[in-house]
Amino acid sequence: MKAKKSYVFVPRETYKPFFNRCYNHLSKLITELKKIGIKATLYPIGSGKRHLVTQKIINGKPQAYDLDFNLEIDLDSLPPKYKRCGADTV
């Protein structure tokens, strides 16, 4: 039996605490990366930036929110041991 999927918009007051929590955790990650010399940038994109957060519903059961963040790593700031992982081929 194929799953029935749909999407619903989530009211801002409902998703905002989760958005803030995720943003705070990702900001802490950026701080930790900075401590080892890796530069990174975090910003909301897409639906999260436009306050159009959606939630998937599968067979009537709510799933996770789609908050849309970008975490960009400055490849030039990566230590040499990480650059050999294929980052220089991007």
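Colleague: In which sense do strand S1 and S3 pair, and over how many bridges?

Modeller: Strand S1 covers residues 5–9, and its pairing with S3 is antiparallel, over 5 bridges. Keep in mind that this is a predicted model. To read a pairing, look for residues that face each other across the strands. Here, Phe-9 stands opposite Thr-54 in S3.

Colleague: How many bridges join S3 and strand S4, and in which sense do they pair?

Modeller: There are 4 bridges between S3 and strand S4 (residues 61–66), again read as an antiparallel pairing.

Colleague: What sits between the strands in the hairpin of S3 and S4?

Modeller: The hairpin has 2 residues between its strands. Asn-59 takes a positive phi near 50°.

Colleague: Now a single residue. Is Gln-55 buried or exposed?

Modeller: Compare its relative accessibility with the cut-off: buried means under 20%. Gln-55 has 14%, so it counts as buried. This residue belongs to strand S3, which spans residues 54–58.

Colleague: Which backbone atom does the side chain of Gln-55 reach?

Modeller: The side chain of Gln-55 comes to 2.7 Å from the backbone oxygen of Gln-63. Gln-63 is also one of the residues that Gln-55 touches, leaving out those up to four places away in sequence. Others among them are Ser-6, Tyr-7, Val-8 and Tyr-65.

Colleague: On to the rings. How many aromatic pairs are there?

Modeller: The count comes to 4 aromatic pairs. Take Tyr-15 and Phe-19: their ring centres are 6.3 Å apart and their planes stand at 70°, so this pair is edge-to-face.

Colleague: Why are Tyr-15 and Phe-19 separated by about one helical turn?

Modeller: Because they are 4 residues apart in helix H1, which runs over residues 12–35. Both Tyr-15 and Phe-19 are buried.

Colleague: What kind of aromatic pair do Phe-18 and Tyr-65 form?

Modeller: Phe-18 and Tyr-65 are edge-to-face, with 5.4 Å from centre to centre and 70° between the planes. Phe-18 is in helix H1 and Tyr-65 in strand S4, so the pair ties together parts 47 residues apart in sequence.

Colleague: What are the relative accessibilities of Phe-18 and Tyr-65?

Modeller: Phe-18 has 41%, so it counts as partly exposed. Tyr-65 is partly exposed too, at 26%.

Colleague: Which residues form one aromatic cluster?

Modeller: Tyr-15, Phe-19, Tyr-23 and Phe-69 make up one cluster.

Terms used:
Residues are numbered from 1 along each chain as its sequence is written. This is a predicted model: local features need pLDDT of at least 70, side-chain atom pairs count only at pLDDT 80 or more; totals for chains, interfaces and linings use all residues. Side-chain values use heavy atoms; hydrogens and water are left out. Buried means under 20% relative accessible area, exposed over 50%, partly exposed in between (1.4 Å probe, protein chains only). A polar contact is a pair of N or O atoms within 3.5 Å; within protein, one must be able to donate a hydrogen and the other to accept it, and residues adjacent in sequence count only if both atoms are side-chain atoms. Contact means heavy atoms within 4.5 Å. Two strands pair if DSSP finds at least two bridges between them. Rings of Phe, Tyr and Trp (its six-membered ring) pair if their centres lie within 6.5 Å; planes under 30 degrees apart count as stacked, over 60 as edge-to-face and the rest as tilted.
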